2 protein chains.
Amino acid sequence: MFSIGELSKRTKVKVPTIRYYEEMGLLAEAERTVGNQRRYDKAGLERLGFIRHARDLGFSIEAISSLIELQGHPDRSCEAATNITTSQLVDVRAKIKRLKALEKELVRISKGCDGHGVSEDCYVLASLADHGLCDREHTRGA
Amino acid sequence: MFSIGELSKRTKVKVPTIRYYEEMGLLAEAERTVGNQRRYDKAGLERLGFIRHARDLGFSIEAISSLIELQGHPDRSCEAATNITTSQLVDVRAKIKRLKALEKELVRISKGCDGHGVSEDCYVLASLADHGLCDREHTRGA
DNA sequence: GTAATGTCTCTAGTAACTAGAGGTTCAAGA
DNA sequence: TCTTGAACCTCTAGTTACTAGAGACATTAC
């Protein structure tokens, strides 16, 4: 049995975050000492490891909730879990695509200006003001 | 002179967002009609276009504030603006790198399971539970 | 026994909006 | 001129996934 601080050290999840996960229902309510402090066992440690790993992979709290629920239903786990993972992958790929377009434009913008030149006509500011200077469309979202 | 709704249509920035930008100091306080409604001129339209474009490129409100302030000081605009842009670029590149690592692991995880097989031993859930199954380290942040 | 550290709950703050309530103004048609 | 309906106003609160801080209690080491 370890304290919340111990758990935090082992999983690298901060103490208030652990309490937050409990509040959100990702972690079962922990046992308490007579003095009302939380105590965890190996199962709690593993569950938190799972959560942390999934968060690192960018899964939302909601998605993780679904995954956890699936663990209790082995009959339909596999397909549903794969669906969640695939949707996460689609999401990640869309973000990469968008960021690459942004990278391209930022490179273009920052190259236009050498940092010590034409002072009253900064290319960075002009580029940001005029979307028409962009090579291609880029939009919000994703 | 156009209303906030007109401005919204032209810039594709939602009405409450325009008010929010004003509150945050990105937009100057608009003139008002006798009935207290906001009215904008061409300068307001351009300023909002600038903000929107910068937001699309992922600049934070704070960074945009700095850029706007720089527009009033042509003597030091160029270098400082380039610095902000470069830092934004570094940020975007770090995000891309991290997302590519995630993509790789998600592909690996979702391939492990064909979606209709071994029901009580889902590879997705196992992978998420056990960080040791990862090819490489991946961490939070960026 | 005491001091230091850890833990408890609760509230509020973060970024960048978005949604909704309840009330006012504007513009167009009859 | 009057009326109607859309657009506008302010204000509060909600979103996501935490983080920070206050003030009080528990545990542990010496």
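This is a predicted model: local features need pLDDT of at least 70, side-chain atom pairs count only at pLDDT 80 or more; totals for chains, interfaces and linings use all residues.
View 1. Chain A as a whole has a mean pLDDT of 79, and 74% of its residues reach 70 or more.

**View 2. The protein surface around DNA strand D.** DNA strand D is surrounded by 19 residues. The closest are Thr17(A), Tyr20(A) and Arg55(A), together with Gly5(B) and Arg19(B). Of the atoms of DNA strand D that come within 4 Å of the protein, 88% belong to sugar and phosphate. Sorted by class, the residues of this surface are four nonpolar, nine polar and six charged.

**View 3. Polar atoms facing the backbone of DNA strand D.** A polar backbone atom of Gly5(B) is 2.7 Å from a phosphate oxygen of DNA strand D. In chain A, an N or O atom in the side chain of Gln37(A) is 3.5 Å from a sugar or linking oxygen of DNA strand D. Two or more residues of the surface near DNA strand D come from each of two elements, helix H2 (15-23) of chain A and helix H1 (4-11) of chain B. H2(A) gives the most, with three residues.

**View 4. Tyr20 and Tyr21 in chains A and B.** Over all chains there are two aromatic pairs. In one of them, Tyr20(A) and Tyr21(A) have their ring centres 6.1 Å apart, with 50° between the planes, and the pair is tilted. Tyr20(A), which is also among the residues closest to DNA strand D, is partly exposed because its relative accessible area is 39%, between the limits of 20% and 50%. Tyr21(A) has a relative accessibility of 3% and therefore counts as buried. The rings of Tyr20(B) and Tyr21(B) also form a tilted pair, with centres 6.1 Å apart and planes at 50°. Tyr20(B) is partly exposed at 38% relative accessible area, whereas Tyr21(B) is buried at 3%.

**View 5. Gly25(A) in a loop of chain A.** Gly25(A) is located in the loop between H2 and strand S2 (31-32) of chain A. Its relative accessible area is 52%, so Gly25(A) is exposed, the limit being over 50%. Gly25(A) and Ser65(A) are 40 residues apart in sequence, and their C-alpha atoms are 7.9 Å apart in space.

Conventions:
Residues are numbered from 1 along each chain as its sequence is written. Chains are lettered from A and ligands numbered from 1 in the order in which they are written. Side-chain values use heavy atoms; hydrogens and water are left out. A residue is near a molecule or strand if one of its heavy atoms lies within 4 Å of it. A polar contact is a pair of N or O atoms within 3.5 Å; within protein, one must be able to donate a hydrogen and the other to accept it, and residues adjacent in sequence count only if both atoms are side-chain atoms. Helices (H or I, at least four residues) and strands (E, at least two) are DSSP runs, numbered from the N terminus. Ala, Val, Leu, Ile, Met, Phe, Trp, Tyr, Cys and Pro count as nonpolar, Asp, Glu, Lys and Arg as charged, and the others, Gly among them, as polar. Buried means under 20% relative accessible area, exposed over 50%, partly exposed in between (1.4 Å probe, protein chains only). pLDDT is the predictor's confidence in each residue, from 0 to 100. Rings of Phe, Tyr and Trp (its six-membered ring) pair if their centres lie within 6.5 Å; planes under 30 degrees apart count as stacked, over 60 as edge-to-face and the rest as tilted.
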